[in-house]
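Hi everyone, thanks for coming.

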Amino acid sequence: MGNLCCCVQVDQSTVAIREQFGKFDSVLEPGCHCLPWIFGKRVVGHLTLRLQQLDVRCETKTKDNVFVTVVASIQYRPLAGKESDAYYKLTNTRSQIQAYVFDVIRASVPKLNLDDAFVQKNDIAMAVEDELEKAMSAYGFEIVQTLIVDIEPDAHVKQAMNEINAAARMRVAANEKAEAEKIVQIKRAEGEAEAKYLSGLGIARQRQAIVDGLRDSVLGFSVNVPGTTAKDVMDMVLITQYFDTMKEVGASSKSSAVFIPHGPGAVRDIATQIRDGLLQGQSASDN
């Protein structure tokens, strides 16, 4: 009905290409336009001004011979004032952009190792955008943004990278665990050393108290019982301690202490041996 009335409607964010007798005439902006078809004028096509996106997957090889798939996202739109170039100069815009993306990526990525490719993907995106901007502006298109959205190594390479990362983390964890165990052992050893030191102090004080008690007992017994010597008192004390010890051994069912010899007369022999040893040591020191 619009063609019969010589009127045509152009939607928002769209332009129409008008020809007259097969030759480009003008670009029609959004709105209603009079189109006298009797003079050979007609609309041959429409061109959207909206931002368009093209996702390109390109397989290439890195410097360390790892095959990767690079996914690039290209955002583009027609240049204002160059709608006729965008419509007439290219038959397939998306294929043309894809060819330039392939060319730049396959020239840039092989110069980088796999790890560097992940780090420098913004540099790759800038190289693609610069090349596309120079090439596509001559065809009436503007490259708004170029993104490298993903770099996908081969599945086996990805698995190997994950295993390397996992091994490195396990090594760090093992080092931390060993360090913690080392600290625990050091603290345990310090605790045992402190305990032994305190135990030694306790034993020394105990023995000192025993010696003091025996001295006081000998002195008191010698004063209260005339005619007794210190030797007689010590023999009696040793015999008393001997019987007390035997009593404790007999009272305990789990005792592992064994006395050889175990007769009462052996106490005097032990006392004699101790005194003889002390006298011999004193004689040796005097000589």
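**Cysteines, then a sheet and its helices**

Okay, let's begin with C58: the relative accessible area there is 0%, so this cysteine is buried. One caution before I carry on: what you're looking at is a predicted model.

Now compare C32. That cysteine is exposed, with a relative accessible area of 62%. For C32, the nearest cysteine sulfur belongs to C7, and it sits 4.7 Å away.

Three strands make it up, in the order β6-β7-β8, and it's an open sheet with antiparallel pairing. Which strands stand at the edges? Those are β6, residues 52–61, and β8, residues 141–153. Each has a single partner strand, so one side of each has no neighbour in the sheet. On average, neighbouring strands here are turned by 20 degrees against each other, if you ignore direction.

Let's zoom in on one pairing. β6 and β7, which covers residues 67–78, run antiparallel and are joined by 10 bridges. If you want a spot to look at, find R57: V71 in β7 stands opposite.

Last, the helices. Helix α2, residues 93–108, lies across β6, β7 and β8, and runs at about 35 degrees to β6. Then there's helix α4, residues 121–136, which packs on the sheet and touches β7 and β8. The direction of α4 makes about 145 degrees with that of β8.

That's my tour, thanks!

Note on methods:
Residues are numbered from 1 along each chain as its sequence is written. This is a predicted model: local features need pLDDT of at least 70, side-chain atom pairs count only at pLDDT 80 or more; totals for chains, interfaces and linings use all residues. Side-chain values use heavy atoms; hydrogens and water are left out. A disulfide is a pair of cysteine sulfur atoms within 2.5 Å. Buried means under 20% relative accessible area, exposed over 50%, partly exposed in between (1.4 Å probe, protein chains only). Two strands pair if DSSP finds at least two bridges between them. Helices (H or I, at least four residues) and strands (E, at least two) are DSSP runs, numbered from the N terminus. Axes are lines fitted to C-alpha atoms, for helices over the stretch in contact, and angles run from 0 to 180 degrees between N-to-C directions. Contact means heavy atoms within 4.5 Å.
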